[in-house]
Amino acid sequence: MRRLALMIAGALLAGFPGRAVGQTEAPSADRALARDILRELIEINTTDSLGNTPRAARAMARRLVAAGFPAADVRVLIGPDAKHGNLVARYRGTGTGGRPIIGFAHLDVVPARRADWSVDPFTFLEKDGYFYGRGSSDDKVGDAILVADFIRLKRAGFKPQRDLIILLTGDEETDGSCIAWLVSQHRDLIDAEFALNTDAGGGVLRDGRRVMFTVQASEKVYATYALEATDKGGHSSLPRPADNPVYRLAPVIERLAAYQFPVKLNEVSRGFFDLSATLETGALAEDMRGVLKDPPDSTAVAHLSAVPFYNSKLRTTCVATMMAAGHAENALPQSARVTVNCRILPGDPPADVAATLRRLAGDDRIALRTVYVPIPSPPSPLTPAIMGPLERLVAEQFPNVPIVPVMEAGATDGLFLRNAGIPTYGVSAVFEEQNDVRAHGRDERLRVQSFYEALEFWYRMMQAYTSDRLTP
Ligand SMILES: [Zn+2]
């Protein structure tokens, strides 16, 4: 049976260059190229403060031009300021198959300190089946896949029916100013029917076993607030505890720590728990069914809320992430500030979240300031035109793994594209252990096998959406 299925797949795929049927990883020369691109990117430290994304964008542009892309179609765009570099590369199609589609990733990384890691975060290292390095999983894996697959398609002589665009941005982890700038200033270069995000969705592994392939169609809205207490200060030998901003802020932080936003499920999160309940067993499966009841079972809610991953799907969350106070050890503080980062459910008005924070502050001498203004991110529709090719490709490369639409707690550049009317789907296709996600953390790493599988998946996906030859 399996053999037959492979043969049928083979017949459907006939005519596709460089493609070995039944294979789940890219051929070795293409793997080596992708690995080398990943290595090069990890070794360019693109932490925002260093301003190295122009260098990374140029390095990727060099690779594409060397592979035969016309220089005019490989644009390094420096902006919105000199510190930020972006790459927009266009693979020209015959124009018979509709408007372009985008594949995108980001070049920047969150900071990593050598002292916090067991290895150097900016030296590429392959060890025990993993690639280590800052950005290995978030999101230099995406840059490397897009660039390597463009080169492979070009070498194979593939002719898309519509243009394929790759978009590598320079500050996804901080302000998102690059994607916002590209949308507002270079819309002509990135106008597309829809976009595919390497930095969202993916595959869930449990003890090495693939359990689901996730497609991110909706994401939580990112917002950051600061709560600040101020005072005129003075000499520390003459304390005034009732005025001290540090003391006044402390109970606010405690209230914030104890607070939970109400549970609100939407279509995507309901679908997620519904399907997850069939994959899980025992108490966890019971709890998943429990939260789907109307009203949700409170014990089930309590259990799932204790697991950060599930909690993030149940409700809006806000968490204190930074604190700053005082200016000298022998002076009364003149200010104390806590930064609160929120991930707001698509249906929750951000104004309500701000009002909740103000209520938790409970002291009108504490000011609430919006540090990062929330940008709405409407869910992208999972139409048959999107899901059809995906279902085929997943069945072919990851047989029997269900596709699960998800709302992600992390916000990405995708929200700017969604906001600009370009539906965006997160399909990283990188399988990761559910309980070992190290993006933004120490010893970030990428499973080698998952990298090569995703490389192959994107190679096929870029063809599938720009060609009718996959359609039986
Ligand atoms: Zn990212």
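Q: How do strand 4 and strand 5 pair, and over how many bridges?
A: Antiparallel, over 3 bridges. Keep in mind that the model is predicted. Strand 5 covers residues 130–132.

Q: Which residue in strand 5 stands opposite Leu125?
A: Tyr132.

Q: What is the strand order in that sheet?
A: The order is 4-5-19. It's an open sheet of 3 strands with antiparallel pairing.

Q: Why is one side of strand 4 and of strand 19 left without a neighbour in the sheet?
A: Strand 4 (125–127) and strand 19 (445–447) stand at the edges. Each has a single partner strand, so one side of each has no neighbour in the sheet.

Q: By how many degrees are neighbouring strands turned there?
A: 25 degrees on average, ignoring direction.

Q: Which strands does helix 15 lie across?
A: Strand 4, strand 5 and strand 19. Helix 15 spans residues 448–464 and runs at about 65 degrees to strand 19.

Q: How many bridges link strand 10 to strand 14?
A: 10 bridges, in the antiparallel sense. Strand 10 also pairs with strand 15, antiparallel over 6 bridges.

Q: And how many between strand 12 and strand 14?
A: 8 bridges, antiparallel too. Strand 14 is residues 335–344.

Q: Which residue of strand 14 is the bridge partner of Met322?
A: Thr339. Thr339 is also the bridge partner of Ala226.

Q: What about Glu228, which residue in strand 15 is the partner?
A: Ala367.

Q: Is strand 10 mostly covered or mostly open?
A: Mostly covered. 7 of its 10 residues are buried.

Q: Last topic, domains. What are the bounds?
A: Domain 1 is 2–200 + 412–464, and domain 2 is 266–308, according to the domain assignment.

Q: How many Å separate the centres of domain 1 and domain 2?
A: 33 Å, with the centres taken over C-alpha atoms.

Note on methods:
Residues numbered from 1 in each chain as written. Predicted model: local features only at pLDDT ≥ 70, side-chain atom pairs only at ≥ 80, totals over all residues. Domains from an automatic or database assignment. Pairing = 2+ DSSP bridges. Helix = DSSP H or I, 4+ residues; strand = E, 2+ residues; numbered from the N terminus. Buried ≥ 20, exposed ≤ 12 C-beta atoms within 10 Å, placed from the backbone. Axes fitted to C-alpha atoms, helices over the stretch in contact; angles between N-to-C directions. Contact = placed C-beta atoms within 7 Å.
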